[in-house]
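Subject: Structure handover

Hello,

Please have a look at it first and then read on.

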Amino acid sequence: MAGVYVICILTDNEYFRSSFTGAKGHLSLYGQTVHGGEVILHFDLKLEDGSAADSTRVNNKPAKMVMGDGSLTPNFEKCLLGLNKGEKASFTLPANDAFGMPNPDNIYHVDRSKFDASMELKEGMIMGFAQPDGSELPGIIRAVEGLSVTVDFNHPLAGQTVIFDVEIIDVINS
């Protein structure tokens, strides 16, 4: 389809997706996909320079999620609402709408003795840190200086504008 533009509009808590096909000059509105509906999709997450950040296409395994279950941030979900099976769309999300801005309070200086002595810590390394509830929180090693290790617990894409390309494989609304 030539000249297809997808526009997300959010007003008065109602979401509509409008598509305009330049070739035919056709404007149409579609209602909201209900929360609780299951969506199977392929996605590519890229940075503004075009470099890949994540993709379901690498292993050709689509993602499966339930709208509103918290597996995606609200702003990513807003992009998906109203899309139909077989539809492809691309959304540019500024840092604040994607993964937020880096928070300096999420950067910690940890004593090297808290790490396994045999572990070779390198700048840029991502590792999991055990939480009291048994879950793991990923942290990025930003610096290793003497007996101090700087660990950044911000999302790796915090502060980045991202492009979210999606292809809806199936939508199951119960």
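Let me start with N154, which is buried at a relative accessible area of 7% (buried is under 20%, exposed over 50% and partly exposed in between, with a 1.4 Å probe and protein chains only). N154 sits in the loop between β11 and β12 (162-172). A polar atom of the N154 side chain lies 2.8 Å from the backbone nitrogen of N103. Beyond its neighbours within four places in sequence, N154 is in contact with M101, P102, N103, N106 and I107, contact being heavy atoms within 4.5 Å.

A word on the source: this is a predicted model, in which local features need pLDDT of at least 70 and side-chain atom pairs count only at pLDDT 80 or more, while totals for chains, interfaces and linings use all residues. Residues are numbered from 1 along each chain as its sequence is written, and side-chain values use heavy atoms, with hydrogens and water left out.

Now the overall picture. The chain has 1 helix and 12 strands, in the order β-β-β-β-β-β-α-β-β-β-β-β-β along the sequence; these are DSSP runs numbered from the N terminus, with helices being H or I of at least four residues and strands E of at least two. Of its 174 residues, 34% are buried. Of the contacts between residues at least 6 apart in sequence, 57% join residues at least 24 apart. The accessible surface is about 10,800 Å², with 52% of that belonging to carbon and sulfur atoms (Shrake-Rupley method, 1.4 Å probe; for residues, only the protein chains shown count as cover).

One part to look at is an open sheet of 4 strands, ordered β8-β11-β10-β9 with antiparallel pairing; strands pair if DSSP finds at least two bridges between them. β8 (107-111) and β9 (126-130) are the edge strands, each with a single partner, so one side of each has no neighbour in the sheet. From one strand to the next the twist averages 45°, taken between axes fitted to C-alpha atoms, with angles from 0 to 180 degrees between N-to-C directions.

Within this sheet, β10 (residues 136-145) and β11 (residues 148-152) are joined by 5 bridges in the antiparallel sense, and V144 stands opposite V149 in β11. V151 also belongs to β11 and is buried, with a relative accessible area of 0%. From V151 to I141 the C-alpha distance is 4.7 Å, across 10 residues of sequence. Not counting residues up to four places away, V151 touches N106, I107, Y108, V110, F115, F129, G139, I140 and I141.

Then there is the largest nonpolar core, with 21 residues, where L41, L80, V162, F164 and V166 have the most contacts inside it. Such a core is a set of buried Ala, Val, Leu, Ile, Met, Phe, Trp, Tyr and Cys residues joined through side-chain atoms within 4.5 Å. β4 (38-47), α1 (74-80), β7 (88-93) and β12 each give it two or more residues, and β4 gives the most, with 5. Apart from this core lies another, of 9 residues, including F129, I141, V149 and V151.

Finally, β7 and β12 pair in the antiparallel sense over 6 bridges, with A89 opposite V166 in β12.

Best wishes

Notes. A polar contact is a pair of N or O atoms within 3.5 Å; within protein, one must be able to donate a hydrogen and the other to accept it, and residues adjacent in sequence count only if both atoms are side-chain atoms.
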